[in-house]
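Work through the exercises below with the sequence and the coordinates open. Each task is followed by a stepwise solution.

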Amino acid sequence: MRVFELAPPPPTVPKSSTKSAGATPSSNIPHHALPAALKPLASAQPRRGDTVEMVEVNEPVRNDEERGTGAGRPTSEEMDQGLPRSAAQQDTSERADGANETAEEASAAANGEHDDWRGENGHGGVNGNTAKKDLPPLHVEVRLTPTCGLRFDVLRKFIRQHLESEYESVLTHSEVYDWQDAVVLKNNLERIWIGECSLPAAAVPLDEVSLVIHIYQPPSSSRLIDFSTSPDADEDGDSDVPAASVLHLPSRSLEGIWDSLIYEGNIKEKLLSYIHSTMLFSDAAVDFNIVTWNRVVLLHGPPGTGKTSLCRALAQKLAIRLSDRYEYGKLVEINSHSLFSKWFSESGKLVQRLFAQVTELVEDEASFVVVLIDEVESLTAARAGAMSGKEPSDALRVVNALLTQLDKLKHRKNCLIMTTSNLSEAIDNAFIDRADIKQYIDLPPTAAIYWILRSCLLEIMRVGLVPEVPLMDHKTVEAYRSAGTSAAESSGDNALCCSLMLYELAEQCKGLSGRTLRRLPVLAHARHIAMSYDATVRPKLETWIEAMRKCAAEDNVELEKVNGSR
């Protein structure tokens, strides 16, 4: 399976527009008039005493005991009540009723008339995500400000009303910008992202899908906590190397990674579907002795293909998508090399101590824990080598200890083990057999390379290092190439010429990893552009592409030398 980077998607098309917006990928959507139902709410900043009232920033969020366990929650009829679909489709009285109803809900939330702030489980539950029968879900992810105190179900109604009133269709994998026209949303939201849908078209009609709105509130800063298997330094006086790091999720440091990774197959959808299936089977109390699963995923392939990034992005995605079940997530990244000791038989004990700490995290049923073991072959080396004397016998104990701990964790439905490997042939067969999903990640093909290079150039355009040029997507460029058009023949059209030059560069870069491709702009500037141009001059895009072409050719030569010396 091959991986490549997604270029910024085209903007979402507003309902008031009769044709697709012609904005560039880096531009925002033009603002449009608010639907009538939201105008009373957006006319002024809400204040205490007004019809619409929001929780003040300095008001402390109540804990579970203060929220209560059910008294005062909205009824299912309140949660299922539909909002006005379009200002053009409702008469004046209906629009006024819809606005008043939404205003009353927001006022009740601010005044504490409902004990539950965040849905059914008190942390962003499914309340407000009323499913339309027999319609495929369209996932919408909404990031709140760290200081937002408005109830999640009320925010869902605001967001749902805004989308369904303002748009006839939306583009998947794109961001919506014009929600800032509504003051209530502007003061509480940071981002609305339209996610995936099972419908094949990129533009999804809202009357053909069921909106599933995921609301999450990451902290203003991400904290990384290290923990080790021993609190003391070793006898040589060296400080103890952390055995693992724990990151609280959702985290701002992982924002956008999931949507920037695109695969030729549906690997991301497969992973999300796998998690859903394990949850379903666990909730149904399926007999584990008859039907079994291990909650272990193995991603393997050449280095530099995005395996570790995908694992981190999946952990972030699950923390958002499972917010109706778990209050937060945790990503535990294990440092495999720290689990080997110079003392005989100590390595197996280090693995046991580490997973004892992981088990403590998993026992907190309010969290979903993703354990990432990068380069898992270092912990699961084939035991045949140890049996034949080629590997230290202590490595045998490490493998046995790890397999034992995995067997214990498979019964925990709030845990997922993600592993990566560049040398899958060196992994013990018993571990491979435990992996529910074994996914190969290959080097990117030409189309994937084009997307990666294009995204790099768009980024340096964004910061002003290169004059902006609207580069085409790879399918458009391939259509021109199939018609026999070359870069030399299209010099009159700068966008087409640069796009064709970039595609020719992508063909030259076949066999390079994503990590190598992303270095090309820096190397191109260091080796060629910085030596030929003054710092105040912005070279044309054609100059950058040509410099990147030279760097790619130089890297291929050096790579051949390295491979020849082995």
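The model is predicted, so local features need pLDDT of at least 70 and side-chain atom pairs count only at pLDDT 80 or more, while totals for chains, interfaces and linings use all residues. Residues are numbered from 1 along each chain as its sequence is written, and side-chain values use heavy atoms, with hydrogens and water left out.

**Exercise 1. Chain totals**

Task: state how many helices and strands the protein chain has, and what share of its residues is buried.

Solution. 
- Step 1. The protein chain has 18 helices and 15 strands (DSSP runs numbered from the N terminus: helices are H or I with at least four residues, strands E with at least two).
- Step 2. Of the 566 residues in the protein chain, 50% are buried.
- Step 3. Take the contacts between residues at least 6 apart in sequence: 79% of them join residues at least 24 apart (contact means heavy atoms within 4.5 Å).

**Exercise 2. Packing of α14, α15 and α16**

Task: give the angle and the axis distance for α14 with α15, for α14 with α16 and for α15 with α16.

Solution. 
- Step 1. Helix α14 (residues 446-462) packs on helix α15 (residues 474-482) at about 120 degrees, with the axes 10 Å apart (axes are lines fitted to C-alpha atoms, for helices over the stretch in contact, and angles run from 0 to 180 degrees between N-to-C directions). This angle makes α14 oblique to α15 (under 35 degrees counts as roughly parallel, over 145 as roughly antiparallel, 65 to 115 as roughly perpendicular and the rest as oblique).
- Step 2. In this contact, Ala447, Tyr450 and Trp451 of α14 meet His474, Val477 and Glu478 of α15. By class, the residues of the contact of α14 with α15 are 4 nonpolar, 1 polar and 1 charged (Ala, Val, Leu, Ile, Met, Phe, Trp, Tyr, Cys and Pro count as nonpolar, Asp, Glu, Lys and Arg as charged, and the others, Gly among them, as polar).
- Step 3. For α14 and helix α16 (residues 494-508), the axes come within 8 Å and cross at roughly 125 degrees. That makes α14 oblique to α16. Residues of α14 in this contact include Ile449, Leu453 and Leu457, and those of α16 include Leu502, Tyr503 and Ala506. The contact of α14 with α16 divides into 8 nonpolar, 2 polar and 2 charged residues.
- Step 4. The axes of α15 and α16 come within 10 Å and cross at roughly 95 degrees. These two helices, α15 and α16, are therefore roughly perpendicular to each other. Their contact has 5 nonpolar, 2 polar and 4 charged residues.

**Exercise 3. A cis bond and a loop residue**

Task: find which residues the cis peptide bond joins, then list what Thr380 touches beyond its neighbours within four places in sequence.

Solution. 
- Step 1. The cis peptide bond joins Leu249 and Pro250, with omega about -5 degrees. Pro250 lies in the loop between β9 (244-249) and α7 (257-260).
- Step 2. Thr380 is in the loop between β13 (367-373) and α11 (383-387). With a relative accessible area of 0%, Thr380 is buried.
- Step 3. Leaving aside those neighbours, Thr380 is in contact with Val399, Leu402, Ala426, Ile427, Asp428 and Phe431. Thr380 and Ile427 are 47 residues apart in sequence, and their C-alpha atoms are 5.4 Å apart.

Notes: Buried < 20%, exposed > 50% of the residue type's maximum accessible area, 1.4 Å probe, protein only.
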